[in-house]
Amino acid sequence: MKRLITALGQKAIASMHFFYGYFWFTISFFKGCFNPHIFYPSVQLVFLRQIYFTGVQILPMFSVVAVAIGLALVGGLTQYMVQFGAQDAVGSVLVSITIKHLAPLVTMILLTLRTSTAVTAEISLMKMNREIETIKSLSINPFVYLYIPRIVSGIVCLSALSVIFIYISIIGGYLILSFNLNISFDFLIGTIFDAFTVDTLLAFFIKIALGGYFLMSIPIYTALETGNAVTEIPISLLKGMQRLFYAIIIVELIGTFI
Amino acid sequence: MSNYLIYYKDEEKMKGWLDILMKVVKKQRVGLVSSFFPIIGNLSVIENILLPLTYHHKITYHAALDIVQKDMEKFEMLDIMHYRSNQLNDFQKMIVKYLQVKYLRAEWTVFFSPRRMYIAEYEEKFHQFLRCEDLKKSVIIDHENHRHLFNDMQDYTEKDFDTWVTLDLKTSNLK
């Protein structure tokens, strides 16, 4: 019993420590956003590179996943709904599932697997090799040069890829199974637009903004906790991914309640 | 010209000085050339050199490249400008760090334990480098055991670290 209480206490302290540190990290992020240097070429270059690594290199794999889910969802679901005479509800079901939930969630998971892990490893190594100290010694604010471009690129790429996911899954899914569906493309798009509400858009944008921020900021914050030993890098990676998956669940819950 | 030599006796003192200089860096431009601050591994040589220039000044990458071109030629680094730090020898790494500091346009250039940055075979090259470079305000901080390496340096006078920080950097001791 004593051991259990000690373990719970340790967990609680560690969690409080994380939330406290992460809160100040977030404050520093917003402060850094007003730094004029974020518009200077060196920072722009980091931002563009991160966009390329996060949003462009993933496209082939991402498109395949979007088409596969589109086939199952748009094709399969629409087919069943038409069979049961519920074609009028196709739009609202697709909007609710694809736009509100699946597009941000699938994109977040794919970006977590591909980019967040890479960012954790990169920043951990930089911390361990004292390269962040080098940046500070050159009077460069690491928030402005290293963290803000990565976090902003996370938000930009998550929004762009989620929109691409919606297009590919709906259009791809319909086109591949069009011979089997008894509804026209005009009808499908029309019902989707009819089902669109402000709440859907709001939920989509809140999930994108929060998800994009967590996607990069949690791995960066966790990487900054890395010590000087190489063995601490995989531990940071593990911790960062765990925290990020909790964050994804929170984002999903927020989206559900909007 | 204000060029100084500062010697330390023990490592602890040196680390304390490094911490003081890191606090100074936050307030004024002091360029630190030291093995404690390695060049950034995921950037190429040229990107490392251009980093302070393109961060502190709104200057395009190509315009910045034109500015550093002459130095790249002088230090025979044009061929290796796209190399990463793991492809450079110790002396080349030191030159990259020096050029970072030069284009930071720091008031003072501080070579912190230069002997730690390169192996003995580059000793003469380092002295030649110091003789050829037009360093108006520079400081070499090294271990007392390396005093003999700087005996022939006419342009440098020995100074106490605290005096330099207080009088030249015009900063009260930041201990």
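Predicted model: local features only at pLDDT ≥ 70, side-chain atom pairs only at ≥ 80, totals over all residues.
Residues are numbered from 1 along each chain as its sequence is written, and chains are lettered from A in the order in which they are written. Local features need pLDDT of at least 70, side-chain atom pairs count only at pLDDT 80 or more, and totals for chains, interfaces and linings use all residues, while side-chain values use heavy atoms, leaving out hydrogens and water.

**Exercise 1. The sheet of chain B**

Task: State the order of the strands in the open sheet of chain B, and find its edge strands.

Solution: 
Step 1. Helices (H or I, at least four residues) and strands (E, at least two) are DSSP runs, numbered from the N terminus. Two strands pair if DSSP finds at least two bridges between them.
Step 2. The open sheet has 5 strands in the order β2-β3-β4-β1-β5 (chain B), and the pairing is parallel.
Step 3. Strands β2 (30-34) and β5 (157-158) of chain B each pair on one side only, which makes them the edge strands.
Step 4. Take the pairs in turn. In chain B, β3 (residues 108-112) and β4 (residues 137-143) are joined in parallel by 4 bridges; B:F112 has B:I141 as its bridge partner in β4(B).
Step 5. β1(B) and β4(B) run parallel and are joined by 7 bridges, with B:S2 opposite B:K137 of β4(B). Between β1(B) and β5(B), also parallel, there are 2 bridges, and B:L5 has B:E158 as its bridge partner in β5(B).

**Exercise 2. A residue of β2(B)**

Task: Is B:V30 buried or exposed, and with which residues is B:V30 in contact?

Solution: 
Step 1. B:V30 lies in strand β2 of chain B. Its relative accessible area is 0%, so B:V30 is buried.
Step 2. Contact means heavy atoms within 4.5 Å. Leaving aside neighbours within four places in sequence, B:V30 is in contact with A:S137 of chain A and with several residues of chain B, including B:L104, B:W108 and B:L169.
Step 3. B:V30 and B:L104 are 74 residues apart along the chain, and their C-alpha atoms are separated by 8.7 Å.

**Exercise 3. Helices packed on α4(A)**

Task: Which way do α8(A) and α9(A) run relative to α4(A)?

Solution: 
Step 1. Axes are lines fitted to C-alpha atoms, for helices over the stretch in contact, and angles run from 0 to 180 degrees between N-to-C directions. Angles under 35 degrees count as roughly parallel, over 145 as roughly antiparallel, 65 to 115 as roughly perpendicular and the rest as oblique.
Step 2. In chain A, helix α4 (residues 90-128) packs against helix α9 (residues 232-257) at about 155°, with the axes 10 Å apart. The two are therefore roughly antiparallel.
Step 3. For α4(A) and helix α8 (residues 198-224) of chain A the angle is about 15°, and the axes are 8 Å apart. These two are therefore roughly parallel.

Technical notes. Buried < 20%, exposed > 50% of the residue type's maximum accessible area, 1.4 Å probe, protein only.
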